[in-house]
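This report describes a predicted model of a single chain.

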Amino acid sequence: MMMLFSLSRKRIYKVNLTKIFVVSLTSMMLLGTSSCKSSKPRIVTTKKEAAKRYPDRVYTSSREVKAESVEKPVASTAPSRVDDEKTAPILKDAIETALSYKGTKYKYGGSSRSGMDCSGLIHVSFKEAGKSVPRTSASLYNAASAIDFKQVEKGDLLFFATGKNKTRVNHVGLVVKTTPAEISFVHSTTSRGVIVSTMNEGYWLNAYLSAGRLE
């Protein structure tokens with residue numbers, strides 16, 4: 001009897017160990033699949049990859065968006081600047097000025113080297129280049145002629161919706177470089193201040209709303 005009791009205890013022990021192993025393994029698998037991923041922006045390195053990842057965003061026509069409840073149809077009547085040599089001197093000066101602010105910290109309503117917001121950077125850069133432009137992102141959007149994303153060139157503006165309302169312009173950047181696979185723009189971000197980003201970055205590609213050209 002004692003021997004039978006001892007064997008039963010061993011069997012029960014083995015069964016319990018097996019159950020514990022299965023439960024532990026299942027828990028580890030569930031934790032692995034539900035863990036948070038890094039919030040670091042996904043970098044899309046090529047135009048082809050961007051088209052696959054964001055088929056409704058990359059290199060498509062600008063969409064109709066609202067800025068301060070003012071509707072603006074997407075049209076493209078603005079003349080095209082064919083290459084860098086034909087970029088107007090005022091635009092070159094504005095780009096050069098904007099780039100000189102790289103590293104300036106973000107400050108809401110700021111428009112100096114002690115602090116700058118996104119529309120303030122555009123306003124100051126064009127002002128120093130000899131051109132008066134509106135001060136806010138929404139007013140810049142309303143003042144610019146809408147252009148298709150495929151027509152974007154140096155000196156054009158890119159408009160974004162980074163807030164909860166994904167149809168309202170609240171951020172703007174100035175295009176500083178274009179290639180067949182990449183569009184770079186300078187802007188002032190709340191987290192890093194004035195920096196240069198590209199439309200191959202998933203965050204900005206996803207937040208993109210429209211492109212415009214100041215006449």
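## Packing of H3 and H4

Helix H3, which spans residues 89–100, packs with helix H4, residues 118–128, at an angle of about 130°, and the two axes lie 8 Å apart. The crossing of the two helices is right-handed.

On the side of H3, the residues that make the contact are Leu-91, Ala-94, Thr-97 and Ala-98; on the side of H4 they are Leu-121, Ser-125, Phe-126 and Glu-128.

H4 is largely enclosed by the rest of the structure, because eight of its 11 residues are buried. The buried residues are Cys-118, Ser-119, Gly-120, Leu-121, Ile-122, Val-124, Ser-125 and Phe-126. Among them, Leu-121, Ser-125 and Phe-126 also belong to the contact with H3.

Just after H4, Gly-130 adopts a positive phi of about 100°.

Side chains of opposite charge can pair when their charged atoms come close. In this model the count of salt bridges comes to three.

One of them joins Arg-135 to Asp-117, with the closest N and O atoms 3.2 Å apart. Arg-135 belongs to the loop between H4 and helix H5 (137–143), whereas Asp-117 belongs to the loop between strand S4 (115–116) and H4; the pair thus links distant parts of the chain, 18 residues apart. The two partners are set in the structure as follows: Arg-135 counts as partly exposed because its relative accessibility is 26%, while Asp-117, at 6% relative accessibility, counts as buried.

## The network around Arg-213

Which residues are linked with Arg-213 in a network of salt bridges? The network consists of Glu-153, Asp-156 and Arg-213.

Arg-213 meets Glu-153 in a salt bridge with an N to O distance of 3.8 Å. Because Arg-213 lies in strand S10 (residues 208–213) and Glu-153 in the loop between strand S5 (145–147) and strand S6 (157–160), this pair ties together parts that are 60 residues apart in sequence. Both ends are shielded: Arg-213 is buried, with a relative accessible area of 3%, and Glu-153 is buried, with a relative accessible area of 12%.

Arg-213 also forms a salt bridge with Asp-156, in which the closest N and O atoms are 2.7 Å apart. Asp-156 lies in the loop between S5 and S6 and Arg-213 in strand S10, so this pair ties together parts that are 57 residues apart in sequence. Arg-213 and Asp-156 are both buried.

## The chain as a whole

The chain contains six helices and 10 strands. Of its 215 residues, 40% are buried. Among contacts in the chain with a separation of 6 or more, 58% are accounted for by residues 24 or more positions apart.

Conventions
Residues numbered from 1 in each chain as written. Predicted model: local features only at pLDDT ≥ 70, side-chain atom pairs only at ≥ 80, totals over all residues. Heavy atoms only, no water. Axes fitted to C-alpha atoms, helices over the stretch in contact; angles between N-to-C directions. Helix = DSSP H or I, 4+ residues; strand = E, 2+ residues; numbered from the N terminus. Left-handed = near helix turned anticlockwise from the far one by under 90°. Contact = heavy atoms within 4.5 Å. Salt bridge = Lys/Arg side-chain N within 4 Å of Asp/Glu carboxyl O. Buried < 20%, exposed > 50% of the residue type's maximum accessible area, 1.4 Å probe, protein only.
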